[in-house]
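Subject: Structure handover

Hello,

I am passing a structure on to you, and my notes on what was found in it follow below. Please read them with the model open.

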Amino acid sequence: MPAVASLPAPPAAAQRRRFSPVASASLRRVASGGGSSWRSERRLMSELERTVTAGAAERVIRSYVGTKSERAALAALSRLLMDSDPLAIPFYEAVTQARWFKWSSIHAAAVAALLEANGSTGESRSLISDSISQHLQSTNEVALFYCDLMAAFSSRGLKDKAMDFYAELRSMPLSGRKTYMAMIKSLCLLGLPTEAEVTLREMVSLGYQPEAFQFGSVAKCYGKSGSLADMERVIASMADAGIRFGIGAADTVLSCYSSCHDHSKMLAWLKKMRKLRIAPTTKGYNFVLNSCSSLASVVQELGPSLPLSTTGLVKRLKSVSTLAAEVELVQELLASSSVLDKAMEWSETEVKLNLHGFSTVSAYVLILQWVDAVKGRTLPLEVSVVCGIGKHSDVRGEPKVRELAQEVLSRMGSPLQLSTRNKGRLVAKRDRVKQWLASFPVPEEGTDQSPDATSQQPFVFTLFRKLGQFFSNLV
């Protein structure tokens, strides 16, 4: 590992965080941290952005790692690695010297890949060698580390290096279900569906039972490469492997067809799920709606004629979409209340719509469904929509779902406002919500019928929303 003091002066923040590479799901989970670790992480990033020398960066890093919890430090390290920040390297060195340090295959692989990408091949090899000799006891542990290395190097475009690790992996005596599952995942990340399927069949032949996720990964990999026939063949082979068609398998199939935007097949699967009484999950809801390009365009534009009801949405899609199956997909989901029922929480004091886990496209559709559902019902004392504060957004700290919910509900004339106690929650009292629902819906020709609404209203709503966010952040 390089010494922190030997590093050149850190570049400007804009240069350090110029892109975010594809990160492993495990790295993203660690980076999500908790509420308190996220806030301390933001302060850390601000301090690092103000440093101008390597020595100053070293002091900030060591102070942070020395005073914060393990969870906070690992979340910050994961975020630096995902942002390809060179300071992730000295940060990792500081973490290895902490009293609570436990070696992690995922972090070691990610740091080795970052070193290689930055041209420090020797240091990368040294880190890999030291990790194997000092922290790994069995062949299976080494094999799992090689799988993490394949994933980390491929995410940075270092496919040749990743294939070297695969060659090493294949030269070892492999055993264990976990090893094969990790190898299938890494091969799919490398875009090698044929090799991944061979490994899947080898896994089955050895008596290790795969899950729907492994079949889905291989099928989706075929789909991304354009081999739709092979994708469907792998999907069909799930039943032969004894995998029951349940929620997990249904999500897997929807994910495969959404990756290649096959709306007709997705519609057929949704209808099959309805017959089998298998309700779509949040993931399935996202898979389907995110694949509808016309719907995504409507949500992204947030134009003055944005539909504010489910009826208006279907009407709009019929006029703009060239794919009949896309409109039918949306109608199929609107006809089911299963996802909405799980996202709504009723109690004697509050009814809450929880938008955690939903994409912006899905959140928009769910809000329209929610308004339809609460009309005419007896409401408790308080009504709220939980949106989050952007901890899990692609750009962390940008609450895209909250911004969309505020925009849509404002155009509806809703009384729900950002809570002063929870910046990720919109809230209103029952009486005001009842008055609003009694006067809703507005005409569907636009969000406002005034002569100059087309040009002025989106700007006005956006201006007030941005001012509200600015002052809430100050508080």
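A crossing of two helices is called left-handed if the near helix is turned anticlockwise from the far one by less than a right angle, and right-handed if clockwise. That term is needed for the helix pair described below. Please keep in mind that this is a predicted model.

Overall content

The chain has 25 helices and five strands. Of its 475 residues, 51% are buried. Counting contacts between residues at least 6 apart in sequence, 71% join residues at least 24 apart.

Helix 7 and helix 8

Two packed helices are described by the angle between their axes and the distance between the axes. For helix 7 (residues 105-117) and helix 8 (residues 121-135), the angle is about 160 degrees and the axes are 7 Å apart. An angle over 145 degrees counts as roughly antiparallel, and helix 7 and helix 8 are therefore roughly antiparallel to each other. Their crossing is left-handed. Helix 7 contributes Ala108, Val111, Ala112, Leu115 and Glu116 to the contact, while helix 8 contributes Thr121, Glu123, Ser124, Leu127, Ile128 and Ser131. Sorted by class, the contact of helix 7 with helix 8 has six nonpolar, three polar and two charged residues.

The sheet

Strands of a sheet pair through backbone hydrogen bonds, either parallel or antiparallel. Here the five strands form an open sheet in the order 1-2-3-5-4, with mixed pairing. Strand 1 (344-346) and strand 4 are the edge strands, and each pairs on one side only.

Strand 5 (residues 425-429) is mostly covered, with four of its five residues buried. Strand 3 (residues 382-386) runs antiparallel to strand 5 and is joined to it by five bridges. Within this pairing, Val385 has Leu426 as its bridge partner, and Val386 has Arg425. Strand 4 (residues 417-418) also pairs with strand 5 in the antiparallel sense, over two bridges. In that pairing Gln417 stands opposite Val427. A hairpin of six residues connects strand 4 to strand 5.

Two helices belong in this part of the picture. Helix 22 (residues 360-374) lies across strand 1, strand 2 (350-354) and strand 3, and runs at about 30 degrees to strand 1. Helix 24 (residues 430-438) packs on the sheet and touches strand 3 and strand 5. The direction of helix 24 makes about 90 degrees with that of strand 5.

Single residues

Leaving aside neighbours within four places in sequence, Thr179 is in contact with Asn140, Ala143, Leu144, Cys147 and Leu174.

Most residues other than glycine have a negative phi. Arg277 is not a glycine, yet it has a positive phi of about 60 degrees. Arg277 is found in the loop between helix 16 (263-275) and helix 17 (282-290). With 78% relative accessibility, Arg277 counts as exposed. Leu302, also not a glycine, has a positive phi of about 50 degrees. The loop that holds Leu302 lies between helix 18 (293-301) and helix 19 (310-320).

Regards

Terms used: Residues numbered from 1 in each chain as written. Predicted model: local features only at pLDDT ≥ 70, side-chain atom pairs only at ≥ 80, totals over all residues. Heavy atoms only, no water. Axes fitted to C-alpha atoms, helices over the stretch in contact; angles between N-to-C directions. Parallel < 35°, antiparallel > 145°, perpendicular 65-115°, else oblique. Contact = heavy atoms within 4.5 Å. Nonpolar A, V, L, I, M, F, W, Y, C, P; charged D, E, K, R; others polar. Buried < 20%, exposed > 50% of the residue type's maximum accessible area, 1.4 Å probe, protein only. Pairing = 2+ DSSP bridges.
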